[in-house]
Amino acid sequence: MPPKATSDGQELPTKEQALFRQLVKQYESKLYKKGLKTADAILKKCPTNGETLAMKGLLCNCLNRKEEAYTLVKEGVKNNLRSQVCWHVYGLLYRSDRNYDEAIKCYKNALRMEKDNVTVLRDLAQLQIQMRDIGGFLETRQRLLELKPTVRQSWVSLALAHHLQGNYDVAAVILEQYEATMDQVMINMEQYEHSEILLYKVSILKEGGKFEEALQALDKAEDARQIKDVISAMEIRAALLYSLNRYPEAAAVYRKLLKINMENYEYHRKYIAAVFKGQGEMGEEALEKCYTEDLRHACSNSTACKRLPLDFLSGQKFETALRVFVEPYLEKGIPSLFSELKPLYADKAKVEIIDKTLQDMCTKFTGKQSAWVYLCLAFHHCECGRFKEAFKAIDTCIELQPDLIEAHSAKSKILDIAGDSEGAALVADRARRMDLADRFLNCQASMALFKACKAEQAEEVSHLFTKVGDQGNNFYDMQATWYEISSGDCYLKLKDYGQALKRFKKVDEHFADFVEDQFDFHAYCLRKQTMRSYVDALRMLDNIYSNKTYALAVERAVGIYLHLFDNPQKSEEELLEERIASMSVEDAKKERQKLRKLTAKKKKQEESETVATKDAQGRRIDPDPKGERLLKTQDPLGEANKMVQNLLSGASDEVQSHVLAYRVHIRRNRALLALKHINKAIKLSSATAPLVHECIVDIARRVLTEDFQRIYDEKDSLVYDVVQERIEALIGGRDVAAYHQKWKSNIGKFNLESAFSAVKIDYLLDSTNKEDALQAFIKNLEAADFTGISHDTCEQVLLEMTDLLNPSAEILESYKKICANIFTYSRLFMGPDCIDISSLESKMEGLTM
């Protein structure tokens with residue numbers, strides 16, 4: 001980046017130009033302190049040189065002197081607005097702070113000064129693909145190809161741009177033109193890279209629906225022996241043949257793949273699909289013959305070949321195949337047997353056969369070996385909701401083998417599902433102590449303790465495998481989302497909103513890091529030519545925010561932010577100001593002096609915490625260990641909106657995402673946006689779904705009041721008129737109470753969700769009639785359908801009802817009684833079969849280690 005001569009006195013003398021070139025080399029070699037000395041030497045003679053000031057700012061940024069860096073770079077740009085170096089450095093500064101939008105603007109300004117600068121164009125292309133500006137990425141890559149047509153990456157990158165834009169034919173043509181430029185010597189030198197490009201071209205044609213052309217291209221490459229990834233080529237060939245309705249040929253290729261890897265379930269599923277499609281009604285018979293004769297004899301040790309037939313067999317054939325599959329697991333004591341069988345529980349007929357088979361196995365196996373039968377039988381009864389039989393089976397298993405860790409872990413899981421979280425935590429901790437070197441058992445015990453709201457003990461247990469004194473940072477560095485979700489839920493139940501919000505925000509930060517981490521791979525993958533994997537990674541990251549863990553963290557965090565907005569807490573300063581207002585002049589003067597000291601002390605403390613980011617041992621210092629600063633945010637709705645927008649970018653097909661968006665926007669008085677998300681939720685579900693109905697009634701109640709109308713009269717009355725018209729059309733008029741009553745009458749038989757929604761809306765519409773609404777809620781529950789309702793859902797309803805409605809002791813007792821009849825082992829609801837914790841402890845102590 002040599003400085004350019006300009007008409008405004010920015011040209012450096014010959015000696016300083018040499019120093020500037022040395023400065024650039026020092027920056028590239030990461031000799032930042034030496035570079036600063038060189039920059040100072042140049043500025044001593046030319047103090048207003050913009051490019052040197054910009055480079056000095058870049059060096060300061062590398063030394064973590066952010067404020068000074070921005071000041072210097074801005075001054076450099078101001079002194080030399082027509083220097084591409086200054087604008088490029090300004091872009092690099094923004095890029096280091098992940099402010100990619102501003103960085104792109106700076107790069108474009110740099111290109112206005114020097115449009116053919118390859119370095120700036122490459123940096124711009126990286127940011128454009130990072131931000132998924134595919135149109136801009138295409139233009140930049142086109143320009144780079146024109147400037148560097150002999151560079152392989154220029155061709156492949158342009159093909160990638162057209163591929164991502166959906167121009168499949170153009171992308172394939174570009175790769176063909178690139179192939180035409182390569183001679184045999186080049187191909188021999190880069191065999192693997194060339195193989196990847198050929199397979200990438202085939203995958204582009206396949207994605208574009210050109211199956212025949214793709215198959216021809218694959219045949220041509222294989223005939224020339226240019227394909228090195230043989231397995232991938234076979235997978236693509238089988239998929240192309242299937243897409244061309246050549247099912248027997250596709251099945252033949254999948255059979256070859258199965259002989260290579262018999263445990264690949266994906267091959268099995270596609271092979272089954274090809275056989276069914278190819279032979280129609282005869283497909284089941286052909287598959288049965290294949291799996292019971294051909295494949296079974298060819299690969300007698302394959303677990304998948306024994307497991308897959310259970311999906312499509314039925315009746316006596318299913319029972320025979322089930323016994324063949326189950327017996328080796330029980331003989332060898334493999335604890336994952338039930339995990340293999342669990343998908344079969346969707347078919348009631350198969351569940352009955354499984355039950356009969358496991359009961360038979362109890363008599364067939366004897367002694368300690370039968371413990372594994374009882375272990376699987378316990379899970380079976382638990383899955384069927386028969387907790388009494390499940391506990392009997394697991395206790396028998398433990399009696400047969402007291403030192404079997406898997407049995408204790410299983411009992412903990414069954415206790416948790418049955419609703420006894422405290423008992424589950426006790427047994428899980430017992431299992432952990434049986435093998436203190438097992439990290440998995442440690443994690444299980446930690447989660448069970450957090451769920452039982454034993455936060456202090458859970459923190460101690462979970463930190464046993466972390467570095468001493470650096471536990472919090474250790475979990476954050478490991479991106480252990482299980483820990484943050486479990487602990488966050490625990491603190492949320494304990495109403496420690498600061499700690500809970502801190503945990504959920506860390507999950508958000510992890511996913512932001514996942515997105516940022518792709519940046520380094522844009523250049524790497526193009527250089528290594530791993531295009532198929534690169535495209536898969538880009539598409540995976542496009543949907544990263546649809547992850548269930550992220551959705552759960554956002555739901556919890558947004559709930560806390562909405563709570564902060566609905567229940568604002570006054571700061572110490574505000575409370576002190578209120579006290580001062582009611583004091584005499586002399587006392588008020590003393591208190592104001594105290595207030596000034598308190599404010600100064602807090603400011604000084606915050607500054608010292610910000611500066612001191614590490615302790616004496618080099619460990620990071622957490623400036624907000626209890627999350628108190630997070631709770632003091634001035635804009636809780638703004639913070640919630642950021643997280644909701646991320647969630648919508650990946651999970652816009654989930655009703656819960658739009659419900660969260662509605663709750664945020666309606667509090668921001670953005671009725672039109674709120675209505676938009678209600679309409680999307682209705683399309684995904686229906687207007688009668690309890691969650692959606694709550695939103696409809698809430699927005700109708702707000703919009704049709706005078707207070708809400710006054711807000712929009714001050715802003716835009718036209719927006720209010722549109723929203724009002726849509727709401728009236730949605731509920732069939734202006735009578736919100738009548739709409740809600742109609743919804744209740746159409747429910748028929750309530751379930752827990754609809755009954756709770758009904759009482760919340762009744763209270764929302766008429767808070768004076770709370771007791772009648774709660775009585776109706778209990779009455780609806782007595783005849784409600786609890787099928788598929790988990791203990792966690794019942795517990796969540798109890799917590800929400802207590803916080804929102806503050807019911808009487810009688811109502812709470814009635815609700816607990818109803819839930820206790822469903823979950824008879826529940827400790828929370830005091831179920832009749834609840835295991836006494838002291839007897840459980842004594843039983844644990846009675847077992848020998």
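**Salt bridges and aromatic pairs**

Student: Which side chain meets Arg132 in a salt bridge?

Tutor: Happy to start there. A salt bridge needs a side-chain nitrogen of Lys or Arg within 4 Å of a carboxyl oxygen of Asp or Glu, and here the N to O distance is 2.7 Å. This is a predicted model, where local features need pLDDT of at least 70 and side-chain atom pairs count only at pLDDT 80 or more, while totals for chains, interfaces and linings use all residues. Residues are numbered from 1 along each chain as its sequence is written, and side-chain values use heavy atoms, leaving out hydrogens and water. The partner of Arg132 is Asp542.

Student: How many residues apart are Arg132 and Asp542?

Tutor: Arg132 sits in the loop between helix 7 and helix 8, whereas Asp542 is in helix 33 (residues 531-542). Helices here are DSSP runs (H or I, at least four residues), numbered from the N terminus. The pair links distant parts of the chain, and the separation is 410 residues.

Student: Is Asp542 buried or exposed, or partly exposed?

Tutor: Buried means under 20% relative accessible area, exposed over 50%, and partly exposed in between (1.4 Å probe, protein chains only). Asp542 has 36% relative accessibility, so Asp542 counts as partly exposed.

Student: What kind of aromatic pair do Phe338 and Tyr345 form?

Tutor: Rings of Phe, Tyr and Trp (its six-membered ring) pair if their centres lie within 6.5 Å; planes under 30 degrees apart are stacked, over 60 edge-to-face, and the rest tilted. Phe338 and Tyr345 are both buried. Their centres are 5.5 Å apart with 65 degrees between the planes, and the pair is edge-to-face.

Conventions: Helix = DSSP H or I, 4+ residues; strand = E, 2+ residues; numbered from the N terminus.
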